[in-house]
Each structure stands twice: as C-alpha cells, then as structure tokens.
Amino acid sequence: MFEQLGDLIAFGLLGLEPASRSGAAVQFFVMDVAKIFVLLVLVIYVMGLLRAMLSPERVRAFVRGRPDWQARGMAVTLGAVTPFCSCSSVPLFIGFVEAGIPLGVTFSFLIASPMINEVAAVILVGVLGWKLAALYVLAGLLVAWFGGLAMQAFRPERWVEDYVWKIRMGETAMAEPDTSLRGRHRYALGEVREIVGRIWRWVLLGIGVGALFHGFVPAGWVTEHLGGDDWFSVPAAVLLGIPLYANATGVIPVAEAMLTKGVAIGTTLALMMSVAALSLPELLILRKVIRWPALALFAAVLAVAFTLVGWGFNLIA
Amino acid sequence: MKTFKVLGGGCRNCEVTAEAIAHAAAEAGVEIALEKVTDMAEILGYGVMSTPAVVLDGTVVHAGGVPASEQIRDWVSG
C-alpha cells in the first residue's frame with residue numbers, strides 16, 4: 001500500500017523515472033513518510049489506551065532491596081517500555097540512588113531507556129521485518145544488562161556528586177489516573193500529540209537521509225568503501241554515531257537504506273544503537289549527578305558494547 | 001488563589017508546561033501563582049522522579065510529561 005503510494009507520487013504525479021536517482025529517492029521518501037507516520041500514530045495511540053501502569057515511582061518502590069538480578073530486570077524493562085523526557089534522567093538517577101538501588105542497575109536503566117522503546121520496536125517490525133526488530137531489541141537488552149554490570153565493576157559510587165547522597169525523597173500520593181474509556185482516549189490522544197510533536201523532525205530527517213542514501217549511493221560503493229564485513233567497519237560505525245544524534249525512531253529509515261545497499265547487519269545495528277543511545281547532549285545532562293571519569297567510562301562501556309554486538313551479529317549473519 | 005509549581009530541570013517540556021498553565025489561567029481570567037522549580041532536592045522532595053511534573057496547592061497532580069490542555073483547564077478553573 002505504502003509502496004504504491006510512493007510509486008504513484010514519484011513516478012505518476014512527478015513523472016520521475018523509476019530507474020533514476022531522484023526517482024528512487026523520492027519514491028523511498030514518500031513511501032517511508034507515509035508508512036512510518038501511520039505506524040507512529042497507531043502505536044502511540046494504542047499504547048496510550050493500554051497506558052503504562054509502570055511509573056518509575058512504583059518501580060522504585062518495588063525494586064528497593066531486591067536481589068541484584070531482579071532489580072536489574074525491572075530497571076531494564078522500565079527503561080524499555082516507558083518513554084522519558086531526557087530531562088528526567090537526573091531526578092530518576094537521584095531517586096534510584098536514594099532508594100539504595102545499586103548504581104550498576106541505574107546505569108542499566110539509563111542505557112535501556114533511549115535505546116529501546118515500544119514505538120521504535122513496532123516501527124522496526126513494519127519497516128525492516130520482525131527478525132531485525134527482535135535482533136535490535138535483544139541487542140539493546142543485552143547491552144543494557146551487561147553494560148550496567150560493567151559499570152558496577154568500576155565502583156562508580158566514588159564519582160557521584162556529593163549533594164546527590166544528601167537528597168531525601170518525599171512520599172507524596174500521586175493523583176489516581178482516570179482509567180475510564182474516555183479518560184484513556186484523552187490520554188492516548190495527548191500522548192500522540194506530545195510524542196509525535198517531539199520526534200517528527202528527527203523522523204523526517206532520518207527518512208531524508210535514508211532516501212538520499214537509497215537514491216544516490218550506488219550499490220557497489222558501500223561494499224567497496226565501507227568494507228562490507230571488514231572488522232573495522234563496526235567500530236567505525238559506532239564512532240560515526242557518537243556525534244550524530246537522533247531519536248531511536250529516526251534512525252530506522254537510515255538503517256533501512258543501508259541494509260538495502262548491502263551494509264552488513266551488525267554494522268547497521270551498531271550504528272543504530274550508537275546514534276540512538278550514545279549522544280553527547282544526553283551524556284552531558286548526567287554531568288549534574290556524576291563527575292567526568294564516570295561519564296567517560298559510561299561512553300567507553302557503551303562504545304565497546306555496541307562494537308561487540310555488531311561483530312557478534314556480523315559473525316552470525 | 002491557586003498556587004502552581006512546575007517541577008523540572010529546565011528542559012523544553014517544562015517550559016511548555018509552564019507556558020500552557022499561564023495561558024490557560026489568562027484565558028479563564030483566573031489569577032494564579034506560578035513557580036518553576038528546578039532544584040533537584042525540592043523536586044525529589046515531592047516524591048517525583050519523572051519530569052515535568054505539576055504541583056497544585058501542595059499536591060502532585062501530574063508527573064512525567066506535558067499535561068493535556070483539558071487537564072490544565074480543569075486545574076485552573078476546577
């Protein structure tokens with residue numbers, strides 16, 4: 001359906017040649033804009049209806065004092081299924097520390113949160129198929145789990161700012177959410193407006209880059225210059241992703257274009273994870289609660305983890 | 001007079017929330033006191049971890065995102 005729409009507009013309405021570069025690029029752009037935005041609105045609305053019952057305040061109370069693996073499992077799940085404004089990372093960090101939750105568990109949460117979310121997962125299924133979506137989610141869970149463990153091994157407590165330990169969290173009863181059908185509908189619409197309003201630029205940008213890549217980069221160029229499955233293409237992709245930042249959903253069309261041009265799957269996944277989860281502005285927000293050595297370590301652990309995951313998938317594929 | 005506090009580290013969504021409340025109050029012709037709280041100790045003191053959050057007369061009425069405009073109207077005139 002979306003492909004036909006792309007054909008109709010690019011070749012029928014604009015009269016571009018299907019074999020031409022601009023024709024291929026415009027067809028890709030129209031097709032992906034339609035497909036991704038329809039999916040985006042649908043997924044966010046349905047998720048809003050079901051409404052995440054998993055508030056961080058509730059998880060914090062639940063995780064408190066649990067054995068490490070249970071706490072980590074909950075933290076990673078929470079990070080994966082609930083979207084947060086990046087400005088929440090500081091109060092979340094402090095709230096977890098105050099509850100006595102190990103820092104390694106908190107880092108697992110901080111990794112999982114930008115990298116995996118249900119919206120990106122469903123759109124991945126729609127654009128790249130369920131196998132790739134499953135691989136991406138699995139890779140994200142692994143990196144979050146073991147990345148947090150690795151951070152723990154370096155005893156990051158010594159780099160936490162002093163004031164963080166002194167903050168005491170209050171107990172305030174939250175207003176009960178309106179769970180009637182009408183209330184859910186209103187909430188779901190609000191979620192659609194809020195999330196689409198926040199990320200649409202990233203998504204359009206991603207589709208634009210993907211379309212240019214799809215139309216103008218010749219198929220042979222990639223294997224020749226990005227070295228199909230040479231070992232260094234994975235760390236190169238991770239490094240490339242650090243200065244680039246986009247929302248997890250915005251990277252999907254870029255990944256789509258890369259895969260169709262023959263970039264190896266592990267390399268593509270490594271770039272996606274690096275672009276979504278390793279971004280300088282988000283890291284710098286954490287500077288409010290942890291000092292530079294911990295920040296550098298966090299970035300290094302993530303970069304190494306993405307590289308290992310990329311190599312792993314290239315080996316299997 | 002109702003007292004609103006918007007809790008959040010000064011990110012874009014917190015600004016949007018504060019503006020929406022001020023706007024709704026002006027529209028309803030209701031006088032309110034509006035304060036932006038960026039101090040983490042105070043934010044967590046309210047038991048809030050996900051921002052932006054809204055405190056109305058000392059009670060947390062919303063947390064974890066920009067509230068819906070219907071909701072804001074209810075707070076202002078309710």
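Hi everyone, a definition to begin: helices (H or I, at least four residues) and strands (E, at least two) are DSSP runs, numbered from the N terminus. What we have here is a predicted model, where local features need pLDDT of at least 70, side-chain atom pairs count only at pLDDT 80 or more, and totals for chains, interfaces and linings use all residues. Residues are numbered from 1 along each chain as its sequence is written, while chains are lettered from A and ligands numbered from 1 in the order in which they are written.

Let's start with chain A. Residues 199-219 are 90% helix and 0% strand, with end C-alpha atoms 30 Å apart.

Now to chain B. How many helices and strands does chain B have? There are three helices and four strands, and from the N terminus they follow the order β-α-β-α-β-β-α. Along the principal axes, the C-alpha atoms of chain B fill a box of roughly 35 × 25 × 15 Å.

And where do the chains meet? Counting two residues as in contact if their C-beta atoms, placed from the backbone, lie within 7 Å, 24 residues of chain A touch 24 residues of chain B. On the chain A side, the elements giving two or more residues are α3 (56-63), α5 (89-98) and α10 (181-216). Of these, α5(A) gives the most, with six residues.

Back inside chain B, take the contacts between residues at least 6 apart in sequence: 64% of them join residues at least 24 apart.
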